[in-house]
Every structure is written in structure tokens, then in C-alpha cells.
Amino acid sequence: MIDKILQSWGYQDGRVVWLRDTASTGTKAGDQVKWTSKPSGHLVLSFWHNGKTHKLQYGRVVWLLVHGEWPTQEIDHIDRDPGNNRIGNLRLADRKQNNWNKCRSANYGLEKHGATWRVCLAKRGKKYVASRFATKDDALEFRDLMAQELFGAFAPKIEQKMEAA
């Protein structure tokens, strides 16, 4: 199946394209391969091979076309946009790293305790806690530093709410 993909499709500017004209489907070399979108926003390519329809995640196919081998781990979208399958936006990640790299609410990792704030994050089953921040802003700043230290390049993006002017 991988050989058929490598013979049929190519990668061009973030798109999976046909390498040659196909009379039976009317596609031309350079046409983008048809895809569908899952509710999560991930793109899926479907093709017929050995009497069956196969569905493959778009990012995994891009990885194959660029690197010449099927990805051994999950594909993580660095900018967290599952529709952006440019090779520079894709990296290999294990399941936990991929889950770390998600948007979180503005209050992620924060807890109010009486008059003070506490930061609580977890990584691979271990809890990291820092407490007694006088203000929420101090706790937020420390939370962002702690997340960067724990998760590195996979640190979760925190959704900031826009303040009304």
C-alpha cells in the first residue's frame, strides 16, 4: 500500500497531489487528492486498494511523502491546527506529548484557595504544585513558566480571553 501511495501521490506546498494524469478518474498531475474533514478538523484521504477503501490521516501521508517512511508515532500539529498539514508544522510525538499540545482554558492549572492562588500541573502521573500566590496574575505567570519547563515544545497553549475595551 505504501508503494502505491509513493507512486501515485506527491507533496507540494502543503498539499497531497496526483503525480500523473488518471483517465479513469479524470484527475490531472498536480491536482490535489480529494479529502474529507473529520469533526475534529483532521483531514482524511480515501483510496481504493486491493478491493477495499482505505482511509488515512492527511498528516501521516504528508510525512510519508516527505520522509519516505510511514510515521512510527503520532503526528502532532505544532500550531494545533489539524487542517495545517505543511511539513514544517508536523512533528512526531507520543500520545502524551500530543495531548499536552492542546489549547487549554485561561484558568487551566489554577485553583483559588481562600485569598491565595495555587498552580497545579501534572505530567506522566506526577503532580506539580506551587501555592500561595497573592494574585491571579502572579499564579498565571508562574503556571506558564512551569508548563514550559515541564512540557517544553509541547507546552499547552493557553487561550487568553480578550478584555473588553
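W9, W18 and F47 come together as one aromatic cluster, in a model that is predicted rather than experimental. Rings of Phe, Tyr and Trp (for Trp, the six-membered ring) are taken to pair if their centres lie within 6.5 Å, with planes under 30 degrees apart counted as stacked, over 60 as edge-to-face and the rest as tilted. Residues are numbered from 1 along each chain as its sequence is written, and side-chain values rest on heavy atoms, with hydrogens and water left out. As this is a predicted model, local features need pLDDT of at least 70 and side-chain atom pairs count only at pLDDT 80 or more, while totals for chains, interfaces and linings use all residues.

The structure holds four aromatic pairs. In one of them, the ring centres of W9 and F47 are 5.5 Å apart and the planes meet at 80°, so this pair is edge-to-face. The pair bridges distant parts of the chain, with W9 in strand β1 (residues 9-12) and F47 in strand β4 (residues 43-49), 38 residues apart. Helices (H or I, at least four residues) and strands (E, at least two) are DSSP runs, numbered from the N terminus. W9 counts as buried at 4% relative accessibility, and F47 counts as buried at 9%. Here buried means under 20% relative accessible area, exposed over 50% and partly exposed in between, for a 1.4 Å probe and protein chains only.

A tilted aromatic pair is formed by W100 and F151, at 4.9 Å centre to centre with 50° between the planes. W100 belongs to helix α3 (residues 95-100) and F151 to helix α4, so the pair ties together parts 51 residues apart in sequence. Both W100 and F151 are buried. Another ring, that of F154, has the charged end of R91 sitting over it, 3.9 Å from the ring centre. For this, NZ of Lys or CZ of Arg must be within 6 Å of the ring centre and within 35 degrees of the ring normal.

Turning to the sheets, an open sheet of three strands runs in the order β3-β4-β5 with antiparallel pairing. Strands β3 (35-37) and β5 (52-57) stand at its edges with a single partner strand each, so one side of each is left without a neighbour in the sheet. On average, neighbouring strands of this sheet are turned by 35° against each other, direction ignored. Two strands pair if DSSP finds at least two bridges between them; β3 and β4 pair over three bridges. S37 stands opposite L43 in β4.

Helix α2 (residues 58-67) lies across β3, β4 and β5, running at about 85° to β5. Axes are lines fitted to C-alpha atoms, for helices over the stretch in contact (heavy atoms within 4.5 Å), and angles run from 0 to 180 degrees between N-to-C directions. Eight of the 10 residues of α2 are buried, so the helix is largely enclosed by the rest of the structure. Among these buried residues are Y58, R60 and W63. G68 follows α2 and has a positive phi, near 75°.

A further open sheet is built from three strands in the order β9-β10-β11, again with antiparallel pairing. Strands β9 and β11 (126-133) form its edges, each with a single partner strand, so one side of each is left without a neighbour in the sheet. Neighbouring strands of this sheet are turned by 25° against each other on average, direction ignored. Strand β9 (residues 110-113) joins strand β10 (residues 116-123) over four bridges, with E111 opposite R118 in β10. Their hairpin has two residues between the strands, and G114 there takes a positive phi near 60°. Six bridges connect β10 to β11, and A122 stands opposite K127 in β11. Helix α4 (residues 136-151) lies across β9, β10 and β11, at about 15° to β10.

Positive phi values also occur in residues other than glycine. D13 has phi near 50° and is found in the loop between β1 and β2 (15-18); D13 is exposed, with a relative accessible area of 59%. R132, with phi near 70°, lies in strand β11 and is exposed at 71%.

Finally, N84 is found in the loop between β6 (74-77) and β7 (90-93). The side chain of N84 reaches the backbone nitrogen of R86 at 3.3 Å. Leaving aside neighbours within four places in sequence, N84 is in contact with H77, D79, N89 and L90.

Note on methods. A polar contact is a pair of N or O atoms within 3.5 Å; within protein, one must be able to donate a hydrogen and the other to accept it, and residues adjacent in sequence count only if both atoms are side-chain atoms.
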